[in-house]
Amino acid sequence: MTEMTPAMIHGLAGIAVFGIGLMGALAATDRLRRLVALKLCAVGAGFVLVAAAWRTPPAAPDPVPHALVITGIVVMISAAAVALAIIRRLHSLEAETDE
Amino acid sequence: MSDNLPDPMILVILLPLFGTVAAFVLPRAAPVIGLATLAAMTAAVVALGRAVAQAGAVSLPLAGWGAPLGIELRADGLALAMLALTALIGIAVGFGALGTFARARTSAGDGGQPTSRQRAFFWPLCLLLLTGMNGVYLGADLFNLYVMIEVISLAAVGLTVLGGTVTALRAGLAYMYASLLGALMMLLGVGFIYLQAGRLDFEGLAGVQPTPALSAAFALIFVGLALKAALFPLHFWLPDAHANATAPASALLSALVVKAGLYILLRLAEAGPFPGETLLKLMGILGTGAVIWGGVQALRADRLKLMVAWSTVAQIGLIFIALARGGADGLSDSWRAATLLILAHALAKAAMFLAAGRIKEVIGHDRIREFDRSPVRPTLAQFAFALAAVSLIGLPPSLGFIGKWSLMDGAMRAGNWHWVAVTMIATLLSVAYFSRALTGFLRFDRVRAPVTEHRGWALADAPPFMLALLAIGLGLAAAPILVILEFGQPFGVSP
Amino acid sequence: MLDMLGIVLMGLGTAFFVAGTVGLLRFPDVYCRLHALTKADGMGLALICLGAACTADAWGEAVRILLIWVFVALSGATAGHLIARHARRAGTPMQEGRQ
Amino acid sequence: MTEPLLVFDLLLAGVVVAVAALTLLVRDAFAMIVAFVVFGIFVAIAFVRLAAPDVALAEAAIGTGVTGALMLRALAHLRGGSLSGKDPAPLSGPTRATTLGIDGTLAVCVTVALGIAFFGAPQAGPGIEAEVAAALPQSGVAHPVTAVLLNFRSYDTLMEIVVLLAAVIVVWQVDRGLSGASDPLTGEVYQGFARVILPVAVTVGGYLLWIGAAAPGGAFQAGAVLAAVAVLVLLSRLYTPAAAHRHLIRATFVAGTVVFAAVALGVAGAGRTAFEYPPGHAKSLILLIESALTISIAVTLGALFHGREPASPLRKETR
């Protein structure tokens with residue numbers, strides 16, 4: 001039987017968050033909500049990496065996954081910014097054509 | 001190699017990066033910077049090619065640490081062929097873009113961007129795309145590949161929405177979301193691999209025992225990359241995105257970007273316990289679906305660019321069938337057929353999109369039904385389109401023919417006759433949809449006004465024509481290409 | 001001794017937080033809720049920070065904890081003001097009988 | 001492992017999952033973004049529990065703070081300049097129950113399968129912390145995460161900053177600000193707050209950058225704090241981007257990439273590969289790169305918040 005460790009608990013929570021994000025990404029009709037759902041997926045993936053880095057104290061955690069997650073966070077905000085810019089621009093154009 | 005110059009492997013990646021920066025900071029000089037960068041990058045590819053021809057597979061431990069602590073770059077024949085292809089297409093599309101963005105067109109009232117703006121932003125994005133593509137070819141670390149495909153996808157989204165119209169923006173956003181979901185699946189897969197193996201370099205994957213976590217990782221990465229490579233039924237984003245982008249952007253997207261996902265799958269198959277026979281069978285079935293669905297949709301498409309985009313879906317399916325054709329033998333031989341098809345498709349499709357762009361520019365529309373009513377004939381572009389179609393259909397001696405032949409030959413030898421049948425169906429369908437456009441080019445009887453032969457040839461006609469000639473002509477050079485692919489023996493010694 | 005004081009202060013601070021939360025849940029309109037939240041949390045945080053500073057091992061640590069209090073108080077007050085101001089401009093109604 | 005902490009972990013994980021679900025379930029888009037920010041804070045706490053303070057800092061500052069600000073900004077645009085009010089009608093009609101059912105089943109199946117796979121994976125399993133620890137003395141910095149980011153896997157980090165550069169290029173290309181929404185209104189109190197907090201935030205940013213060599217912190221966290229400064233400055237109108245500054249701003253965007261890539265190529269030769277710092281110079285080179293990165297990150301994130309490229313008001317965009 002695997003022991004209950006913080007890594008196990010939060011790792012499973014991360015997978016649940018990824019699942020929720022996946023659901024949202026598939027089902028959301030609204031552009032902004034779909035983006036938030038994708039961000040949830042990213043956080044879920046980050047959880048799995050951080051959980052992979054965890055070591056039973058007093059051992060220090062593996063720093064490599066931490067660095068990877070930081071990279072992932074920056075990549076995700078870049079993607080989010082692009083998506084938001086397209087959403088804004090589309091909204092302006094669609095508002096113009098409606099008038 | 002001289003001791004003072006950095007290794008060509010890192011130059012191949014960083015040169016287009018410096019080009020991106022320069023073209024972004026100095027928008028007015030962007031075309032000059034872009035072409036100069038392409039020339040320098042090609043020189044680096046040639047230098048790398050010399051090294052690979054001498055030493056077989058070469059690798060470069062960045063920052064001097066080596067895997068698994070650091071990141072290594074690795075080049076062999078397969079990577080070299082893709083790098084050369086990318087440089088070639090980059091140059092052709094670059095010259096094509098000179099023509100496309102030269103005229104100060106007044107854009108339609110649907111929010112389209114002025115041409116000068118398109119030109120200023122095309123070059124940084126194009127060079128950035130090449131940075132990412134080259135990084136993918138040389139990457140040997142899973143997380144690094146994730147970052148690279150994100151570089152590619154942001155640049156690709158930027159190119160998709162370059163036209164600035166509502167349709168392009170909608171298609172771009174759908175593409176962005178699909179691509180992001182694919183990348184995040186890959187990221188989670190990377191997390192699972194780290195959990196199981198504790199390292200991310202390809203060499204480290206070789207010895208890992210298959211476990212549920214590893215299966216989950218490969219499943220996630222496969223689905224994510226299939227989404228990026230637009231494998232049926234995950235192709236939903238592709239037709240709109242590729243059909244609504246400006247011509248040079250479409251050429252890059254269709255010829256190169258979808259290949260990034262395919263290439264990573266190939267590399268994974270080379271490195272680790274992936275894919276199993278079941279997954280190969282699944283790839284074949286999905287590929288068959290893509291061939292049929294893509295073919296039918298291409299038959300129904302009313303616009304030329306949409307038809308070409310749907311044909312990409314079908315051709316991607318064919319490449320997956322090429323991977324699946326060996327059955328129990330895995331990819332030990334199939335990778336050659338798949339690579340040949342990748343090369344053939346890239347050349348022909350880039351030619352085709354550039355030609356389609358020229359046709360639309362000259363005639364003023366790209367509705368397939370009305371081609372035969374136009375009094376204007378963009379002859380050279382139509383000829384290039386036809387040549388590219390010949391290669392995609394797979395008539396000898398084109399490169400497409402060699403690829404398809406290699407596919408069917410291997411399938412027959414493995415006794416998998418059903419893949420031969422599917423390839424035949426694919427060929428018939430492609431004949432059917434391409435002939436819709438080609439007959440339109442050839443009929444003159446429905447034109448009411450006197451036919452104008454053409455409005456003089458432009459520089460922009462040359463790139464699609466050259467690419468189409470290569471798509472045909474390289475079929476004659478298939479033997480040297482296969483020799484290049486064998487450098488460094490990807491997938492081990494051939495059986 | 002100092003530790004005991006710290007624990008008592010933190011307990012008191014927690015009580016303020018509970019009061020603030022109850023106010024947030026029970027009060028009728030935006031302005032009242034803001035009032036409860038900013039007042040009670042401001043006091044609660046001050047007490048908790050003071051308590052934590054008492055239990056700190058070194059002077060530097062205590063100073064840092066107090067700095068945290070200063071910044072949170074500053075930003076909390078500003079955020080409260082901005083929310084109220086925005087609600088007022090957006091025309092959010094007040095509860096009957098209050099001015 | 002003590003029991004109370006385990007209970008805390010279970011509670012925290014439950015809250016994280018619940019708030020994630022809430023984020024997608026609330027109807028109002030503003031409430032969704034607020035829930036998302038709350039979610040981010042809880043995630044940051046969970047990361048701290050997993051002994052990942054660097055990740056927690058980055059998630060709170062960049063993944064939640066700046067991302068939340070970007071989303072609010074976009075929402076204000078969609079709602080015509082104000083955060084309150086109705087959303088535009090959804091693009092397609094309400095999702096049909098069958099679609100929802102299929103999507104839901106798919107998501108649940110994937111999640112359960114992944115959960116089982118995760119449960120069977122080795123815990124506290126293999127990693128390369130031993131290699132990191134062995135190489136740390138030669139890396140030039142004492143903090144392992146910074147060593148990984150700026151020495152061992154510096155190539156990844158260069159490409160990460162390239163992704164950020166790609167984002168700002170695409171945003172400037174897309175966002176032409178034809179009908180730009182006005183900035184959210186701020187008052188005198190806010191102005192005063194901005195004046196007080198600006199120098200402090202700049203100091204904190206510098207501190208985070210400096211401390212990154214030895215303790216949690218570094219270029220990305222510092223950049224995010226300075227980006228918050230940029231957002232403050234933009235919102236309080238202490239600085240309005242002017243068309244004349246375009247070239248300077250572009251140069252700042254690329255500074256991080258250029259310095260990093262130039263150092264990477266410059267150190268190559270004499271038996272060293274690209275990115276391999278000469279012995280003895282590692283620390284100063286890393287600090288140089290990190291400073292450039294911090295400035296680029298801060299300005300880029302600020303520009304992503306601002307949106308369109310500053311244009312001269314006289315020359316109207318021809319459409």
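Chains A and D share the most contacts of the 4 pairs of chains that touch; a contact means heavy atoms within 4.5 Å. This is a predicted model, in which local features need pLDDT of at least 70 and side-chain atom pairs count only at pLDDT 80 or more, while totals for chains, interfaces and linings use all residues. Residues are numbered from 1 along each chain as its sequence is written, chains are lettered from A and ligands numbered from 1 in the order in which they are written, and side-chain values use heavy atoms, with hydrogens and water left out.

Some chains do not meet. Chain A and chain C have no contact, and their nearest C-alpha atoms are 21 Å apart. Chain B and chain C do not touch either; there the closest C-alpha atoms lie 32 Å apart.

Now take chain C by itself. Chain C has 3 helices and 0 strands, in the order α-α-α along the sequence. Helices (H or I, at least four residues) and strands (E, at least two) are DSSP runs, numbered from the N terminus. The radius of gyration of chain C is 16 Å, well over the 13 Å that the globule rule gives for 99 residues, so chain C is more spread out than a compact globule. That radius is taken over C-alpha atoms, and the rule is 2.2 Å times the number of residues to the power 0.38. The C-alpha trace of chain C spans about 50 × 20 × 15 Å along its principal axes. Of its 99 residues, 25% are buried. Buried means under 20% relative accessible area, exposed over 50%, and partly exposed in between (1.4 Å probe, protein chains only). Among contacts in chain C between residues at least 6 apart in sequence, 71% join residues at least 24 apart.

Helix α13 (residues 334-363) of chain B and helix α14 (residues 379-393) of chain B have axes that come within 8 Å and cross at roughly 155°. Axes are lines fitted to C-alpha atoms, for helices over the stretch in contact, and angles run from 0 to 180 degrees between N-to-C directions. α13(B) and α14(B) are therefore roughly antiparallel to each other. The residues of their contact divide into 11 nonpolar, 3 polar and 2 charged. Ala, Val, Leu, Ile, Met, Phe, Trp, Tyr, Cys and Pro count as nonpolar, Asp, Glu, Lys and Arg as charged, and the others, Gly among them, as polar. Angles under 35 degrees count as roughly parallel, over 145 as roughly antiparallel, 65 to 115 as roughly perpendicular and the rest as oblique.
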